[in-house]
Amino acid sequence: MRDGALEHLKREGRIVIVGASLAGLRAAETMRDKGFAGSLTLIGDEPHEPYDRPPLSKQVLLGNALADHTALPRRRAIDADWRLGVPATGLDMTARRVRLGNGDEVEYDRLLIATGVRARPWPNEEEGSLQGVFVLRTRDDGEGLQRALADNPRRVLVIGAGFTGSEIASACRERGLNVTVAERGGAPLVGALGGVIGEVAAEMHREHGVDLRTGVMVTALEGDPSGRVRAAHLSDGSTVEADVVVVSLGAQRNTEWLAGSGLGAGPRGIACDAGCRAFDIRGIVTDDIYVAGDVARSPHALFGYQFLSLEHWGNAVAQADTAAHNMLSESADRRPHLWVPAFWSSQFGVNIKSVGVPPMGTEILITQGSLAERRFAAVYGYQGRVIAAVTFDNCRWLPFYEHQIESTAPFPPPFATVDRRPEGNKPLPADFPDPSVPTHGPTITLSGYSPADRKMTFTPGR
């Protein structure tokens, strides 16, 4: 068959996208941009069309935006069959069919899985169902939590001081609410950015009036006779009375529906090659099933070919574009997904941004600014090379450090800068916790945006 005929076939047929998400939508738009003229079906378990999640823990909680006004802008019409409010419950790889929760089956020629993650719930289901106990992941979660905060609760308890937990605590203080944060690790953000930066984050919490409890875990939630949460019991014997409890213990990847399908899927995500093609359980790459977004685990050449599983907005967009391109291309025209991880957070009036994979770092050097002033750039080193960087209110340096990561530049960086302070003269241990020890919460190790093997370790709470 001639190349032109093969190319024509790639642009026809039936493509199904499971996951009406940021990655799913952007992939669909890219497919249409590249001339895909076949049928396109998007399946989503939520009743809403794709929306933006970062505002949920920021503008929405502050009351500056409505949860139902977070729909993602459309780059173009995609002429798709939307199957919303019904989850995918199974996959038959042989018959090329996706089973749905309502009993329907959707046939495909090529499949893209972009099912993302969901919030890890409180491990005790009865306690977790108490009125006033929340998680924050979906639009409905954000809407419910915003209403609870608008009712001016006497105290909010946030369980877990990762990025989302810290952003929630920041929003509570900005609203003038009393808030307690319980963190199993030694400091906020310690699993994602290490102990040196964690100390800075802890100071930010306390200076803004957060009752920060570190080195403790919540052992039980207590309700009143009406079924509303009233208090939490901590491992140090103390009790925190709270009207609202937000469980921020990380995420679970949405892969259970693939059990028994023969696809290489599990709690850490769906393994795929650098071109986004999924592996089956034998480790053989498929040619008609692709993966993109938070649920994907793919090797990255810049980071020792470790499988990275990233909950990054930018990664979802870039990986979706790569997956869509490769789904419509012959092997010679396919390209790898080599996006450098990048992340941002806004909390307590400080803009935090990072590039690379900080938890891989064993050393850290403050290269610009000062930790004490909360305005600095810090670089992480691993085996003599720059592996990541993080900035607090100093993001103008990030493009430079991204280039250092891509070019495997030496660590410590050999250059001097005009705003380097004495604390930046010598690298320090990055002080990441042992990844096998949970950093917060009774059931989870959340090590920020890191290789999947360190991202999520489940340990029973009881």
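Student: How many aromatic pairs does the structure hold?

Tutor: This is a predicted model, and the rings in question are those of Phe, Tyr and Trp, which pair if their centres lie within 6.5 Å. Under that criterion, the number of aromatic pairs that the structure holds is six.

Student: Are the rings of Tyr380 and Phe432 stacked, edge-to-face or tilted?

Tutor: Planes under 30 degrees apart count as stacked and those over 60 as edge-to-face, with the rest counted as tilted. The rings of Tyr380 and Phe432 have centres 6.0 Å apart and planes at 40°, so the pair is tilted.

Student: Which parts of the chain does that pair link, and how many residues apart are Tyr380 and Phe432?

Tutor: Tyr380 belongs to strand 27 (residues 375-382), whereas Phe432 is in the loop between strand 29 (428-429) and strand 30 (444-446). Both Tyr380 and Phe432 are buried. The pair links distant parts of the chain, with the two residues separated by 52 residues.

Student: What is the geometry of the pair formed by Phe400 and Tyr401, and is each residue buried, partly exposed or exposed?

Tutor: The ring centres of Phe400 and Tyr401 are 5.2 Å apart and the planes lie at 70°, so this pair is edge-to-face. Phe400 has 32% relative accessibility and therefore counts as partly exposed. Tyr401, at 0% relative accessibility, counts as buried.

Student: Which residues do ring pairs link into a cluster with Phe400 and Tyr401?

Tutor: Phe400 and Tyr401 form an edge-to-face pair. Ring pairs also bring a tryptophan into the cluster with Phe400 and Tyr401, and that residue is Trp397.

Student: Which residue lies over the face of Trp344, and at what distance from the ring centre?

Tutor: A charge sits over a ring if, among other conditions, NZ of Lys or CZ of Arg is within 6 Å of the ring centre. In this model, the residue over the face of Trp344 is Lys58, and its distance from the ring centre is 4.6 Å.

Student: What is the order of the strands in the open sheet of six strands, and which are the edge strands?

Tutor: The sheet has mixed pairing, and its order is 3-2-1-7-21-20. Each edge strand pairs on one side only, and these are strand 3 (81-84) and strand 20 (277-279).

Student: In which sense do strand 1 and strand 7 pair, and what is the bridge partner of Val16 in strand 7?

Tutor: Strand 1 (residues 14-18) and strand 7 (residues 110-113) pair over four bridges, in the parallel sense. Within strand 7, the bridge partner of Val16 is Leu111.

Methods:
Residues numbered from 1 in each chain as written. Predicted model: local features only at pLDDT ≥ 70, side-chain atom pairs only at ≥ 80, totals over all residues. Heavy atoms only, no water. Buried < 20%, exposed > 50% of the residue type's maximum accessible area, 1.4 Å probe, protein only. Lys NZ or Arg CZ within 6 Å of the ring centre and 35° of its normal. Pairing = 2+ DSSP bridges.
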